[in-house]
Amino acid sequence: MQAQRKFAVAGATGRIGRHVVDVLEARGHDVVAISRSSGIDVITGEGLGQALTGVDCVIDAATGPSPEQQAATEFFTTAARNLHAAGERAGVRRIVVVSIIGCDLFKGGYGAAKLAHEQATLSGPIPACVLRAAQFHEFVEQIVEWGRQGAVSYVPRMRTQLVAARTVAEALAELATAPGPVASGAPIPEIAGPREESLVETAKLLVARRGDPVRIEGTGNPADPDDGLYESGRLLPGPHATLAGPSFEQWLER
């Protein structure tokens with residue numbers, strides 16, 4: 001069993017963060033949950049210095065209120081700078097951040113914001129590493145709701161390899177607790193689910209399983225310069241990615 005260590009999780013009440021907290025606590029570690037609801041703010045810095053006292057590693061799973069590129073970029077880069085500044089003063093030795101597979105291919109939007117997040121995290125004074133993940137199983141429901149227009153929901157035609165949020169959290173915990181220093185210049189690791197899936201087909205499966213009468217229609221946005229990435233397969237995991245956890249259908253059954 002690993003010796004008990006102290007970790008901080010930014011975005012501790014979010015989709016990934018709450019699982020990271022559970023995984024680390026189940027392994028016997030002391031975990032500081034960083035979230036606005038607990039009075040700790042990665043943007044204003046309120047409570048951050050005290051929260052990071054004695055922390056060995058920070059896992060950054062925080063997300064801002066807006067998916068728009070400019071707002072998201074400002075959120076991510078500000079959070080990264082504040083975590084580095086407060087963490088360096090507190091003696092934090094490692095930062096681990098979750099990102100998105102293929103974010104380096106985007107010309108704009110949320111993908112570009114996540115790339116800026118990676119760069120801000122990796123360029124700070126504390127040794128840092130990134131884990132790029134495929135879209136989460138939980139993402140499908142959100143996409144259905146975003147695209148809902150009356151009796152139809154318009155879902156992007158996207159090839160993906162959906163992964164469970166819990167599976168990503170377990171991988172983040174492994175990176176956070178790994179012995180030795182962060183490997184400099186190593187390729188960014190990726191994690192995805194066990195098989196390629198169609199976002200449209202998983203949306204149809206979700207609404208059928210829930211008895212939701214909404215009709216799912218695949219859609220694209222030719223005006224978006226990144227639209228071609230979704231159907232091309234370029235956002236699928238690379239050959240060295242870790243493939244783990246349940247398929248979307250298996251996850252639904254659970």
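These legends describe close-up views of one predicted model.

The model is predicted, so local features need pLDDT of at least 70, side-chain atom pairs count only at pLDDT 80 or more, and totals for chains, interfaces and linings use all residues. Residues are numbered from 1 along each chain as its sequence is written, and side-chain values use heavy atoms, with hydrogens and water left out.

**View 1. An open sheet of 7 strands.**
The strand order is β2-β1-β3-β4-β5-β9-β12, and the pairing is parallel. β2 (30-34) and β12 (242-243) stand at the edges, each with a single partner strand, so one side of each has no neighbour in the sheet. Strands here are DSSP runs of E with at least two residues; helices are runs of H or I with at least four residues; both are numbered from the N terminus. Two strands pair if DSSP finds at least two bridges between them. Strands of a sheet pair through backbone hydrogen bonds, either parallel or antiparallel.

**View 2. The β12 edge of the sheet.**
Strand β9 (residues 190-192) runs parallel to β12, with 2 bridges between them. Which residue of β12 is the bridge partner of A192? The partner is L243.

**View 3. Strand β5 under cover.**
Of the 6 residues in β5, 6 are buried. Buried means under 20% relative accessible area, exposed means over 50%, and partly exposed lies in between (1.4 Å probe, protein chains only). One face of β5 carries A128, V130 and R132; the other carries C129, L131 and A133. Both faces are covered. β4 and β5 run parallel and are joined by 6 bridges. In one of these pairs, S99 has R132 of β5 as its bridge partner.

Axes are lines fitted to C-alpha atoms, for helices over the stretch in contact, and angles run from 0 to 180 degrees between N-to-C directions. Contact means heavy atoms within 4.5 Å.

**View 4. Helix α1 and its cover.**
Helix α1 (residues 17-26) lies across β1 (6-10), β2 and β3 (57-60). It runs at about 170° to β1. The buried residues of α1 are G17, H19, V20, V21, V23 and L24. An α-helix has 3.6 residues a turn, so residues three or four places apart point the same way. What covers the buried residues of α1? The cover includes β1, β2, β3 and α6 (165-177). G28 follows α1 and has a positive phi, near 90°.

**View 5. The second largest pocket.**
The volume of this pocket is about 320 Å³. A pocket is an open set of points on a 1 Å grid over the protein atoms alone, with protein on both sides within 12 Å along at least five of seven lines; a cavity is a set where a 1.4 Å probe fits but cannot get out; lining residues have an atom within 4 Å of a point. Grid points are joined across faces, edges and corners, and a volume is the space filled by probe spheres set on the points. The lining has 18 residues, with A128, C129, V182, A183 and A186 nearest the centre. β5 gives the largest share of the lining, 3 residues. By class, 15 lining residues are nonpolar, 2 are polar and 1 is charged. Ala, Val, Leu, Ile, Met, Phe, Trp, Tyr, Cys and Pro count as nonpolar, Asp, Glu, Lys and Arg as charged, and the others, Gly among them, as polar.

**View 6. An open sheet of 3 strands.**
The order is β6-β7-β11, with mixed pairing. β6 (148-149) and β11 (215-219) are the edge strands, and each pairs on one side only. β6 and β7 are antiparallel, over 2 bridges, and R148 stands opposite S153 in β7. They form a hairpin with 2 residues between the strands; in the turn, G150 has a positive phi of about 65°. Strand β7 (residues 152-156) pairs with β11 in the parallel sense over 5 bridges. V155 faces G218 of β11, and Y154 has E217 of β11 as its bridge partner. Helix α5 (residues 139-146) lies across β6, β7 and β11, at about 125° to β7.

**View 7. Glycine G228 in helix α8.**
Helix α8 covers residues 227-232. G228 is partly exposed, at 48% relative accessible area. Its C-alpha atom is 9.4 Å from that of M158, 70 residues away along the chain.
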